[in-house]
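Read the sequence and look at the structure below before going on. The paragraphs that follow take the helices and chains in turn.

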Amino acid sequence: MSRRLAHILVAAAFAALVAVAFSRVNYAWNWSAVWEYRDKFIQGWLTTVALSLAALVASTAIGAVASVCLQSRNVLVEAVGRVYVELIRGTPLLVQLLIGFYVIANAVGLENRFVVGVLVLSLFSGAYMAEIFRGGLAAIPQTQRDSARAIGLTPWQSLRLVILPQAVRLVLPAVAGQLVSLVKDSSLLSVIAISEFTLNAQEVNAVTYSTLESFLPLAAGYLVLTLPLSALSRWLEGRFRYEA
Amino acid sequence: MKLEIAELTQRFGATTVLDRLSLSTGDIQALVLVGPSGGGKSTLLRILAGLDVPVAGSVAFDGAALPRDEEALRRYRRTVGTVFQAYNLFPHLSALDNLLLPLVHVHGLSRQAALDRVREPLERFQLMPHASKRPAELSGGQKQRIAILRALVVQPQRIFLDEPTSALDPEMTAEVLEMIGELKALGTQLVLVTHEMGFARRVADEVAFIGEGRVLAHGAAGFMFDHCPEPRVRGFFDRIVA
């Protein structure tokens with residue numbers, strides 16, 4: 001049996017199981033009420049896509065800079081990186097969002113919720129990225145750096161031609177996992193009243209009292225974003241494949 | 001080449017690896033460094049290859065002193081080749097791309113010019129059939145021969161080899177040593193660290209015995225292997241042969 005076929009079969013079996021469970025719940029389905037609000041779903045989903053894309057780029061950049069800090073020989077720079085990573089990874093995103101929006105953004109006069117949301121989400125995800133990148137670079141053996149120096153490469157060439165191409169392959173699965181998390185974590189931006197996918201689904205539920213009809217499309221909407229991310233990661237892994 | 005080393009000292013933390021080591025060779029083509037593990041051979045070779053900077057002392061090839069700043073050392077490294085014990089090659093590149101990388105990115109050749117440059121040596125050393133393979137698909141001996149070729153194709157003044165066969169089985173060792181022997185025959189200058197005493201005797205013009213961070217004995221190959229009066233050297237050779 002091919003791998004793809006196996007995936008489809010298992011997904012179908014799982015869907016059947018869920019369908020059976022749903023059929024046993026005594027629940028009065030009312031899709032028409034939710035259908036009225038389809039534009040709100042689409043608008044929320046598009047906002048989530050925009051949030052995620054912006055945070056995806058920003059968190060990768062922040063993670064790259066922070067991982068450089070973590071490896072700095074300057075103790076002060078290293079300390080900045082380390083405190084950032086530990087503080088962010090050790091506290092809930094919810095708290096970071098509330099403090100970031102109602103305290104810090106307020107203090108500096110930043111009023112655009114979307115910008116603040118993307119910033120906080122990127123800083124949150126960037127801390128995880130930083131450790132992933134640091135681990136990937138540290139896993140490249142010293143002999144590779146020696147070889148690069150021995151043939152006369154500059155440090156920048158060594159990074160670009162020797163270290164990064166190998167590190168990319170090592171960090172791809174972890175980065176993909178982190179990006180999938182980021183897409184789902186963007187749902188928390190609802191607490192600072194960004195009208196993204198999750199908040200809009202909650203609002204539809206509040207108006208229609210159709211809880212499952214509001215939230216099932218939500219799950220599907222996130223899967224539409226996260227499954228291609230996973231597929232892209234696997235495809236890239238294949239492209240970068242070589243035995244060390 | 002004529003190598004002059006004066007009072008060379010290298011420390012790692014509290015450990016002194018090279019202890020005011022001095023050596024002056026004749027005008028020779030191949031110098032072999034032998035001696036016990038931990039004696040300082042590899043440390044010395046890394047300094048000669050411009051990879052590490054000693055804490056004190058000086059090194060000069062043919063009267064030209066090795067620089068101490070990284071920028072100048074990088075320019076120096078571009079004029080020499082270095083082969084390590086193992087894992088030299090870049091695993092994400094094919095054997096061919098491993099050869100092309102320094103030519104294109106360090107020595108400024110076009111890809112076509114670089115391809116023209118590597119074709120003849122690839123054929124000479126029977127490595128053409130393996131050119132498109134990644135290092136993981138090559139045997140240990142093939143990997144090391146590609147690594148030697150990568151050092152060779154930039155047309156260096158000399159090649160440094162740090163125990164190039166100690167990670168290989170006897171058959172692969174033979175094919176790599178044969179290649180190094182050919183380099184010697186082609187006129188390439190060599191500085192070689194090895195435990196292959198039979199090969200050292202064949203290829204070396206001079207042999208330096210490095211132990212305890214110093215040169216314990218030094219001379220022509222025949223003298224060193226057969227008539228060296230230094231007891232620590234005699235004892236070492238006797239143990240190796242036995």
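Start with a pair of helices in chain A. Helix α7, residues 142-150 of chain A, and helix α8, residues 155-185 of chain A, have axes that come within 10 Å of each other and cross at roughly 135°. The crossing of α7(A) past α8(A) is right-handed. On the α7(A) side, the contact is made by Gln144(A), Arg145(A), Ala148(A) and Arg149(A), and on the α8(A) side by Ser158(A), Val162(A) and Ile163(A). Sorted by class, the contact of α7(A) with α8(A) has three nonpolar, two polar and two charged residues.

The model is predicted, and its confidence values belong to any reading of it. For the model, ipTM is 0.90 and pTM is 0.82. Chain A has a mean pLDDT of 92, with 99% of its residues at 70 or more. Within chain A, the lowest confidence falls in helix α2 (residues 31-35) of chain A, with a mean of 88, and the highest in helix α4 (residues 75-90) of chain A, with 96. Chain B averages a pLDDT of 93, and 99% of the residues score at least 70. Among the elements of chain B, the lowest mean pLDDT, 83, belongs to helix α9 (residues 231-241) of chain B, and the highest, 97, to α3(B).

What is chain A built from? Its secondary structure comes to ten helices and zero strands, and the pattern along the sequence reads α-α-α-α-α-α-α-α-α-α. The C-alpha trace of chain A spans about 70 × 60 × 25 Å along its principal axes.

Two packed helices are described by the angle between their axes and the distance between the axes.

Take α4(A) as the partner to begin with. From α3(A), the residues Ala66(A), Cys69(A) and Leu70(A) meet Val77(A), Glu78(A), Val80(A), Gly81(A), Arg82(A), Tyr84(A) and Val85(A) in α4(A). This contact has seven nonpolar, one polar and two charged residues.

Now turn to helix α6 (residues 113-138) of chain A. In which hand does α3(A) pass α6(A)? The crossing is right-handed. Residues of α3(A) in the contact include Leu51(A), Ala54(A), Ala58(A), Ile62(A), Ala66(A) and Leu70(A), and those of α6(A) include Gly117(A), Leu121(A), Ser125(A), Met129(A) and Phe133(A). By class, the contact of α3(A) with α6(A) has 15 nonpolar, eight polar and one charged residues.

Chain B is described here by its domains. The domain assignment gives domain 1 of chain B as 26-52 + 67-79 + 158-242, and domain 2 as 90-156. The C-alpha centres of domain 1 and domain 2 of chain B lie 24 Å apart. In the contact between them, twelve residues of domain 1 of chain B meet eleven residues of domain 2 of chain B. On the domain 1 side, β7 (158-162) and α6 (170-186) of chain B each supply at least two residues. Helix α6(B) gives the most to that side, with five residues. The residues of the domain 1 side divide into eight nonpolar, one polar and three charged.

The last step is the contact between the chains.

Notes
Residues numbered from 1 in each chain as written. Chains lettered and ligands numbered in written order. Predicted model: local features only at pLDDT ≥ 70, side-chain atom pairs only at ≥ 80, totals over all residues. Axes fitted to C-alpha atoms, helices over the stretch in contact; angles between N-to-C directions. Helix = DSSP H or I, 4+ residues; strand = E, 2+ residues; numbered from the N terminus. Left-handed = near helix turned anticlockwise from the far one by under 90°. Contact = placed C-beta atoms within 7 Å. Nonpolar A, V, L, I, M, F, W, Y, C, P; charged D, E, K, R; others polar. pLDDT = per-residue confidence, 0-100. Domains from an automatic or database assignment.
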